[in-house]
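I opened the notebook to look up the pockets and what lines them.

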Amino acid sequence: MDLEEAINRWHERVNEGDPQAVQEVVSDPVVVLGPKGAGPITPAGFAEWVERSGIRLVPRSWHPISARLMVVEQDVSWPESAAPTRVATLFRVSGDKVSAALRLPDLRSALELAYICRELAATE
């Protein structure tokens, strides 16, 4: 499974909102970043958040960074949203699972973080 395919599958499962299906597309742990914090969580914790939040994400543009990193600009909405909000998420894929989903407020911020992560990995 390639990078884009894994990220597409992640979007499908998150948008379906099925907790079991969501757990199958993320690593253990999966690293997350969002408005309420950052850090590693279990697949069950991630699935619980998806179910509780009712989040829906529609990919709008794709920005490959490396073999394992991709930034995806998205329109995000929640059940109480009047209209979608544009955000960007830096994804890291390990094998066929998303091992990091770092949501930032805009494409520029996500790309800056992605380039830093790429350089850190390259100099390890």
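Which element gives the most to the lining of the second largest pocket? I found that α4 does, with 3 residues.

I noted that this is a predicted model, in which local features need pLDDT of at least 70 and side-chain atom pairs count only at pLDDT 80 or more, while totals for chains, interfaces and linings use all residues. Residues are numbered from 1 along each chain as its sequence is written, and side-chain values use heavy atoms, with hydrogens and water left out.

Second largest pocket. I looked up its volume, about 260 Å³. A pocket here is an open set of points on a 1 Å grid over the protein atoms alone, where a 1.4 Å probe fits, with protein on both sides within 12 Å along at least five of seven lines; lining residues have an atom within 4 Å of a point. The volume is the space filled by probe spheres set on the points, which are joined across faces, edges and corners. I listed the lining, which includes V31, S66, R68, C117, R118 and A121. β5 (85-94), β6 and α4 (107-122) give two or more residues to this lining. Helices (H or I, at least four residues) and strands (E, at least two) are DSSP runs, numbered from the N terminus.

Largest pocket. I read a volume of about 540 Å³ and a lining of 21 residues. G34, P35, K36, W49 and R103 lie nearest the centre of this pocket. I found at least two lining residues from each of β1 (26-34), β2 (37-41), α3 (43-53) and β6 (97-104). Here α3 gives the most, with 5 residues.
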